[in-house]
Every structure is written in C-alpha cells, then in structure tokens.
Amino acid sequence: MYSFFKIGAKIAMRIYCSKTVVNFNTNTSYNYPKIIGANHSNSFFDAIVIAVNYPKPIYFLARGDAFNSPLIAKVLTALHLIPIYRLTEGKNNLGKNEDTFKRCIELLKQNQTILIFSEGLCVNEWRLRPLKKGTARLALLAHQEGVPNLRIQPTNLNYSSFTSNPKEVLVNFNSEFGPTKDSTAKVSEFYSQFNLQLKQGLENNLVIQLEKKEIHLFENRATITKKVLLALPALLGYLLNRSIYIIFKNIAHKKTKNTVFYDSVLFGLLLLFYPLIVLIIAAVTGIIFNLYVAMLVFISFPISAWTYSQYKAI
C-alpha cells in the first residue's frame, strides 16, 4: 500500500504544487539506519512531501489519537505510520510509547529510515520552534541498543503558502550527524547537546518570516514565450477543474476551521476523489460519444490542471 500511495501522491503533487525543489546534502547516506528530524509547519502534508521526495521507504511517527479506530489503525500501519502519544492524548496512553520506541529500534536495526517531527506540535508559520526531546530520546535509545552507523539528518520544509494553491515547496535534507554520548554524561546533557546540533542543522537554509503571509521561494525566470504557450491549456485547465477544486476546498475549509489541517485535508481529498470524479466524467462522455473521446477527456483533466499550475507560477 505504501508504494502505491507514494506513486499516486507524487503524481498529485505535480499538480498541487507549481514547483518543488529538493536539495540533498552531498554526503547523504541511504544504506544506514537513519532518523530524519524535520520541522513541522503543515500537518501531515509535511510527511507526504518528505516521503514522495525521499528515495527509500520511510516510517513515520504520528499522533496516537489517529489510531483510535481499529480499521483506520490498520490502514495507517500499512502506510508505515507508527503511533506516538502525547500528554494531551491522555496520561494513561503514555505507556504505549515504550512499544513505539521498541518498534523504531527494530526498524533501525534493519537499516530503515524513521521520520520524526522534532518540534512536536504543528503550527503554520515560517520559523523553527523549540525542539522537543523525542528525537533525542529515540537517538539515545538506538545508541544504547547498539544500532550501528546511526545517522541523524536534519530536514526542513518550506512553503510559499499554507492556504493557497498551487504552491511552491522547498525541501532541504541537510548534513547528517551521528549521536555520541560520554558514558559519564547525564541524559539531560545528551538531550541538550543533541537538540543544539539538530537545531543548527534544521536552521540551515530554513526560510524564516515572522509575518504570516504568502512568500515566494524561487525567482521567476519564465519567458514570455512560455507564458503564451501555456495560456490556452491553462485556461482549459481552469475551466475543467475549477468546480471540482472549489467543492473540495469548501469541504476542507469547513472541516478544518481554526486548525492547521486545511492544506493536508484538501490534498488528501483531491488525491482520493479527483481521479474517481474524472473517471466518472470520462465514462459518461464515452457512453454519449465513444471510447476515444472518453480517453481524451480522462487525460485532459489532469494535464490541463498541471498546465494551469505551471502558468500560475509564472
């Protein structure tokens, strides 16, 4: 399920985001156990962006209350999500985190990659907030359990907007480091030094803006010729897709009012239902006309949507 979801999300992001740039530090490793410590400004869309753009499968630590339903828990587990419980989700649930960390250690011993959002909570803003100790705790446990060659990779995500689309996305997989602990040092000292090193890595190439408004991440180098060539197919994309987008945009706004989940929910709704709606429209068209017209309609929707996304970025 993970691989299938990754392919679908990767295609969807080409439309949802006008431009995505991913930078990997030249010494990035892929064959060692790794913890990706990332900032957290855009809910579970952050996890999707990293998963889509990282070449290996990733396991994610996600808020535990999302696993309350047995059916949903099975789906989330198939998508490589692992529950992590906070005090706000009930003090009685904190004991379950021991199983979570054991699962993480098992995965790291298999040279897998685990993503953890080191700030803990998500806030839609362009800055780094104080780091929690979860990443440091996992790294220390892995170190104590003898996980060899463990790497920690600070990774920051930057968005041109949290509410408008198409958006620009910049991801920086920064320089890795390995956890080290003096046997005489206190755990609190290890956490402090670890978070300092992680913080420095996370702030590398991080876009910081204190005002809550949209920004431009990239310089626009488009030519007039490109704009003219995209104009008509972009207009078609607007006309074909606008009503579908508005419907799901309104649903997302209503369901996520006063929360940080808008962008993630909107993307998720479009990822799940947009292909189905386009398929239904194409099928009806095929019944009225013929198979060739149906196929043309089916490919016209996403391709024209992509051209609209590119046009808007100019």
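Guide: What follows is a short talk through a predicted model.

Visitor: At what angle do H1 and H8 pack?

Guide: Helix H1, residues 2-16, packs against helix H8, residues 262-288, at an angle of about 110°, and their axes lie 10 Å apart. That makes H1 roughly perpendicular to H8, because angles of 65 to 115 degrees count as such. The crossing of H1 and H8 is right-handed.

Visitor: And which residues in H1 and H8 meet there?

Guide: From H1 come Phe5, Gly8, Ala9, Ala12, Met13 and Tyr16, which meet Asp263, Leu266, Phe267, Leu270 and Leu271 of H8. The residues of this contact divide into nine nonpolar, one polar and one charged.

Visitor: Switching topic, what does UniProt list as "transmembrane region"?

Guide: The unreviewed UniProt entry lists residues 228-248, 260-281 and 287-308 under that name. In the model, residues 228-248 are 100% helix and 0% strand, with end C-alpha atoms 30 Å apart, while residues 287-308 are 91% helix and 0% strand, with end C-alpha atoms 28 Å apart.

Visitor: Where is the cis peptide bond?

Guide: It joins Asn165 and Pro166, with omega at about -5°, and Pro166 sits in the loop between strand S6 (151-159) and strand S7 (167-173).

Visitor: What about Ser43, is it buried or exposed?

Guide: Ser43 counts as buried because its relative accessibility is 4%. Ser43 has a positive phi of about 50° although it is not a glycine, and its place is in the loop between strand S2 (34-38) and helix H2 (45-53).

Visitor: And Asn258, buried or exposed?

Guide: Asn258 is exposed, with a relative accessible area of 76%. Asn258 lies in the loop between helix H7 (224-255) and H8, and its phi is positive, near 65°, in a residue other than glycine.

Key: Residues are numbered from 1 along each chain as its sequence is written. This is a predicted model: local features need pLDDT of at least 70, side-chain atom pairs count only at pLDDT 80 or more; totals for chains, interfaces and linings use all residues. Side-chain values use heavy atoms; hydrogens and water are left out. Axes are lines fitted to C-alpha atoms, for helices over the stretch in contact, and angles run from 0 to 180 degrees between N-to-C directions. Helices (H or I, at least four residues) and strands (E, at least two) are DSSP runs, numbered from the N terminus. Angles under 35 degrees count as roughly parallel, over 145 as roughly antiparallel, 65 to 115 as roughly perpendicular and the rest as oblique. A crossing is left-handed if the near helix is turned anticlockwise from the far one by less than a right angle, and right-handed if clockwise. Contact means heavy atoms within 4.5 Å. Ala, Val, Leu, Ile, Met, Phe, Trp, Tyr, Cys and Pro count as nonpolar, Asp, Glu, Lys and Arg as charged, and the others, Gly among them, as polar. UniProt positions are given in the numbering used here, feature names are shortened, and annotations may be inferred rather than shown by experiment. Buried means under 20% relative accessible area, exposed over 50%, partly exposed in between (1.4 Å probe, protein chains only).
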